[in-house]
Amino acid sequence: MRIVCVGFNQESLVCLKKFQKVGLPVCGLIMRESQTEKKGSDYQDLSPFALENSIPFIQTSDINSYDVKQWLKFLDVDVVFIMGWSQLVDGEFLKIPNMYTIGSHPSKLPYGAGRAPIVWSILEEVRDSAVTFFKVVNKADAGSIILQKEFNIPSNSNSRQLYNIVSSILANGFIELYDQLLLNSICEIEQDMSARVVRGKRIYEDGYIDFSRMTSHQVDLLIRATTDPYPGAFTFYEKTKITIWGSEKNNTDGYKGTPGQILAKNKDRVLVQCSDSPIWIVELEFDSVDSNNDKVIIGSKFDTNRGIF
């Protein structure tokens, strides 16, 4: 069976390494054009893995391009595993594999289709979720379900922790599907579209921490949801953007201020007043090279005016 994998991110590399370990053959790999790997992005350059393991690959910014489709036809592919890709494949692409194009989504479809599923799961405080594998069709996350691997999300998880859980389940699920394909035992279950809930795209401004309106619990959720491998929650101090990668609940009494006010500092932590109570924010990353935690003055405020961006 000739399998081509599609991916560009860290979870894709987790899958490929597990495939190699169990002997799942990959005859080709579609990946993104090379870019910089950095904190706040889950992009992963897969070309070193492909070269090391002699896997033919093509790099593209458009999975529906003529070159990609011709390359797939040349490989005479049976099944395409889409491990991670943000662009929908078109109808012409779907006609190329001899058997299936299989996609995946880290939510319990039909609930949670759409964008940023890991971020939304943290924000919604979801406890029971799934990685859903489905037959890819022209509509996002809407094809027949062929496997659904349920799991629990530990309380107080952040996106990195959940991402790692999902990556492992994703790899194991594709391996399970490979075995089913060999046995010709794939079972398709149509999704109940009346129960479908599509989560919306999240934009830059959604990561802004508004200390004047948000409770400490809401601030904690936002920071945990948007931390690496995503761009992070942010605020401003004297018009300098600060990305905040972590948070800790304040378990000590004795501090109270106005929203956005800095109440205390401790190494890489800053205690700031939210609309109801204070919270510790940790791992502050300042956009300005001249700014750091030492520049933050106790008693001053983080900017609470959205008009600054």
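Helices H5 and H7 each supply at least two residues to the lining of the largest cavity, a space of about 50 Å³ in what is a predicted model. The residues that line this cavity are Ser121, Ile122, Glu125, Val126, Arg127, Ile153, Pro154, Asn156, Ser157, Leu221 and Arg224, and by class they divide into five nonpolar, three polar and three charged. With a threshold of 30 Å³ or more, the count comes to one cavity. Rolling a probe the size of a water molecule over the atoms shows where empty space is left.

In terms of class, the second largest pocket is lined by three nonpolar, five polar and four charged residues.

The largest pocket contains about 1400 Å³ of space, and among the 50 residues that line it, those closest to its centre are Ser86, Arg115, Ala116, Pro117 and Tyr230. Which elements each supply at least two residues of this lining? They are strand E5 (100-105), helix H5 (117-123), strand E7 (128-135) and helix H6 (159-183), of which H5 also supplies at least two residues to the lining of the largest cavity. The lining of the largest pocket comprises 26 nonpolar, 14 polar and 10 charged residues.

Strands E5 and E7, named above for the largest pocket, also take part in an open sheet of seven strands, whose order is E3-E2-E1-E4-E5-E7-E8 and whose pairing is mixed. At its edges are strand E3 (57-60) and strand E8 (145-152), each of which pairs on one side only, and neighbouring strands of the sheet are turned against each other by 15 degrees on average when direction is ignored. Within this sheet, E5 and E7 run antiparallel and are joined by four bridges, with His105 standing opposite Thr132 in E7.

Strand E1 (residues 3-6) shows the parallel part of the pairing, on both of its sides. Towards strand E4 (residues 79-82), E1 pairs in the parallel sense over four bridges, and Val4 stands opposite Val80 in E4; towards strand E2 (residues 28-32), three bridges join the two parallel strands, and Val6 stands opposite Ile30 in E2. Are the residues on the two sides of E1 buried or exposed? Ile3 and Cys5 point one way from the strand, whereas Val4 and Val6 point the other way, and all of them are buried.

In soluble globular proteins, nonpolar side chains tend to be buried together. The largest nonpolar core here has 43 residues, and those with the most contacts inside it are Cys5, Phe19, Leu29, Phe81, Ile102, Phe133 and Phe174; H6 gives the most to this core, with 11 residues. There is also a second, separate core of 24 residues, which includes Phe8, Trp71, Leu75 and Val80.

The last stop is strand E10 (residues 233-237), where five of the five residues are buried. Both of its faces are covered, with Ala233, Thr235 and Tyr237 buried on one side and Phe234 and Phe236 buried on the other. E10 runs antiparallel to E11 and is joined to it by five bridges, and the bridge partner of Phe236 in E11 is Lys241. The hairpin formed by E10 and E11 has two residues between the strands, and in it Glu238 takes a positive phi near 50 degrees.

Technical notes. Residues numbered from 1 in each chain as written. Predicted model: local features only at pLDDT ≥ 70, side-chain atom pairs only at ≥ 80, totals over all residues. Heavy atoms only, no water. 1 Å grid on protein atoms, 1.4 Å probe; cavity = no way out; pocket = protein on both sides within 12 Å on 5 of 7 lines; lining within 4 Å. Points joined across faces, edges and corners; volume = space filled by probe spheres on them. Nonpolar A, V, L, I, M, F, W, Y, C, P; charged D, E, K, R; others polar. Core = buried A, V, L, I, M, F, W, Y, C linked by side-chain atoms within 4.5 Å. Buried < 20%, exposed > 50% of the residue type's maximum accessible area, 1.4 Å probe, protein only. Pairing = 2+ DSSP bridges. Axes fitted to C-alpha atoms, helices over the stretch in contact; angles between N-to-C directions.
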